[in-house]
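Here is my note on the structure, written for someone new to reading such models. Please keep the picture open while going through the points.

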Amino acid sequence: MSLFLSIQRRKHLRDSMSNSTPFFVLFCLLFALAQAEARTNVHIVYLGERQHNDPELVRDSHHDMLASIVGSKEVASELMVYSYKHGFSGFAAKLTESQAQRIAELPGVLRVIPNSLHQLQTTRSWDYLGLSFQSPKNILHSSNMGDGVIIGVLDTGIWPESKSFNDEGFGPIPSQWKGVCESGQQFNSTMHCNRKVIGARWFVDGFLAEYGQPLNTSGNQEFLSPRDANGHGTHTSSTAGGSFVGNVSYKGLALGTVRGGAPHARLAIYKVCWNVLGGQCSSADILKAFDEAINDGVHVLSLSIGSSIPLFSDIDERDGIATGSFHAVAKGITVVCGASNDGPQAQTVQNTAPWILTVAASTMDRAFPTPITLGNNKTLLGQALFTGKETGFSGLVYPDVSGLAPNSAGQCEALSLDQTSVAGKVVLCFTSTVRRATIISASSDVQAAGGVGVIIAKNPGDNLAACSNDFPCVEVDYEIGTRILYYIRSTRLPVVNLSPSKTFVGEAVLAKVAYFSSRGPNSIAPAILKPDITAPGVNILAATGPLNRVMDGGYAMLSGTSMATPHVSGVVALLKALHPDWSPAAIKSALVTTAWRNGPSGLPIFAEGFPKKLADPFDFGGGIVNPNGATDPGLVYDMGATEHVHYLCAVGYNNSAISQLTGQSIVCPSERPSILDVNLPSITIPNLRNSTTLTRTVTNVGAPESIYRVVIQPPIGVVITLNPDVLVFNSMTKSITFKVTVSSTHHVNTGYYFGSLTWTDGVHEVRSPLSVRTEIIQSYVDDN
């Protein structure tokens, strides 16, 4: 109001002066400032650990604080979006900039930051990971398939009618469950929750306040309820904990029984992402879901959600996930997140806080070879999800043009097609991109010109999707594409027959880290290895909703770290059922140190990219998740609140911020502690100059009387010594601290070299990945 009045006074002043252009510009600027001041946006007011055990007192204190700024409790109630009162203390409210500044100055307010948006990170896999239902000796059976464990999924909701969520044979809901099932549009809590899906909530206020218009105005259908309009949440939920459903395929491919990793676990659904612009999720809604899930009694939280580079800091609520997961992990809840889909570029991994279990995506031993038979009777193999009728021998063309760029017309993303020469024929094109949009564009262009199929030559990758109307669109690599092109150019009437895809399963198919999977190093704290682990995330068949355009019979084959994340969440549920006293850090350690460096077939793991290479810890962390190995890791690198504070101090966050986050009075040492001493199951040294010494502590979770000896595979040019190099455990000694001294023989700056440090007692191999970069001349100032 005061600014508006000042503008009115300036209006009278302007009338008494000459009508000059500069003054008019000033007036417009002042008016714009007034408009900006009057505009409200959702802000998250973060107060750290809650000060009362009574949630109602916490909520009332939030309303009182807001009322002191906006003038009354009535107005405060209208502006309040959420009160966070279970896992931590804070609230989300609609505030002007000046109100946000004033509330930030109040005692006890740690931070006030604007709301932000996150994006979704878009069955053979369980057999591939050693969890065959037919095998009686695996963790699936020893854990009773996760019975009693509750998996919370933050995503786009659920399609409750899917057979993957049937509760046949399930006993009573676990007694520790305190959550609810909320009704809403086309979702009846009495009908749609059961003994499998025991809870369902939806959180939209934070998103709607930012979006500023009704949900369904974007052209995509949505429901103000836990019902899933996108299909993503149904897919991830059923992958983590779906029930057994037999005789499922995708248009005849990948036929078999689908199920989740922990088929007897219960599911709690928290809808925080909405079917707008591909799937959008507000940090205010995510924080509220964390707050409720902590109170509801979940054991595992699965989030296939990310943001974008550059990342927010670990204590910035605009991230939402790092802050919410900190409080969840403090309550013993393991939080599993996707690494994101921005690979294969380095430093693109997200969800990098050390208390999060971060998952990359890899392939499995399944392929969909698609025969391409040329007129010279030579058959080449491409990859596709083509289940229609074979094309029969049809004309084969490559769109040549004359001039200085004869290949320009044959680029898949910019095809120049003559209907006369294309009608009834198969078109070959080349592209340097790997995005599905290029394949969809080429398919549409060829269909529009009357073609009967398209062969896309591209950098090889395993991420497949069917083209619309089951149009034959077959992918090949450049070598095969060039052979087809030479056949076209050497033959007067070239022809080709495209046959339907087949399903091939077996050891002959090598495991690879997916092209799209985001890679390390960690851009916030390079000494914290991310991702932690990889799991199948390519061409994953699982349940979805009928509104999903690529759905077939209620199931879809999707790819992304979104699909890899619930694989690990399901494994975590099995481990939690088997070892209910293990901390989130112990579970992460067990997974990282027992992971497969080679695929289950024993052959090396590659990483897709330019070029394809052997995978390293920045591609897959410890390796491919090994569920059965993780049940008995021998030793674990455990962490709790003390180690998390060590990390926060080492990164350089201030005492006040750390104290508010942890709910304790924290004073970091005057000499900043070394981040290398954070007790992770990995060692990453981003700037080794001459020599450095770091510490680790291992806890024995195996036989009480055990002797472990170290086996070192040092990175190239690196010397590693341990003290002690033998660990002797007994009934009195359960944890031992050891020192690792790392020295470099390099005299120049290097890239990263990789190795491993393994403790073995002859039965267990507790392997930690090593990543070391020598940096004689610093590229940045480092206080450690």
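The points below take up a helix pair, a hairpin and a sheet in turn.

1. Please bear in mind throughout that this is a predicted model, so what follows describes a prediction.

2. Helix α3, which covers residues 55–70, packs with helix α5, residues 97–104, at an angle of about 125 degrees, and their axes lie 10 Å apart. Because angles of 65 to 115 degrees count as roughly perpendicular and those over 145 as roughly antiparallel, α3 and α5 are therefore described as oblique to each other. Their crossing is right-handed.

3. On the α3 side, Met65, Leu66, Ser68, Ile69 and Val70 take part in the contact, and they meet Gln99, Arg102 and Ile103 of α5. Sorted by class, this contact of α3 with α5 has five nonpolar residues, two polar and one charged.

4. Strand β2, residues 80–84, is mostly covered, with five of its five residues buried. A hairpin of four residues joins β2 to β3, and β2 pairs with strand β3, residues 89–95, in the antiparallel sense over four bridges. In one of these places, Tyr84 has Gly90 in β3 as its bridge partner.

5. Further along, five strands form an open sheet in the order β33-β40-β39-β35-β37, with mixed pairing. Strands β33 (683–688) and β37 (726–729) stand at the edges with a single partner strand each, so one side of each has no neighbour in the sheet. From one strand to the next, the twist averages 20 degrees.

Definitions and conventions. Residues numbered from 1 in each chain as written. Predicted model: local features only at pLDDT ≥ 70, side-chain atom pairs only at ≥ 80, totals over all residues. Heavy atoms only, no water. Axes fitted to C-alpha atoms, helices over the stretch in contact; angles between N-to-C directions. Helix = DSSP H or I, 4+ residues; strand = E, 2+ residues; numbered from the N terminus. Parallel < 35°, antiparallel > 145°, perpendicular 65-115°, else oblique. Left-handed = near helix turned anticlockwise from the far one by under 90°. Contact = heavy atoms within 4.5 Å. Nonpolar A, V, L, I, M, F, W, Y, C, P; charged D, E, K, R; others polar. Buried < 20%, exposed > 50% of the residue type's maximum accessible area, 1.4 Å probe, protein only. Pairing = 2+ DSSP bridges.
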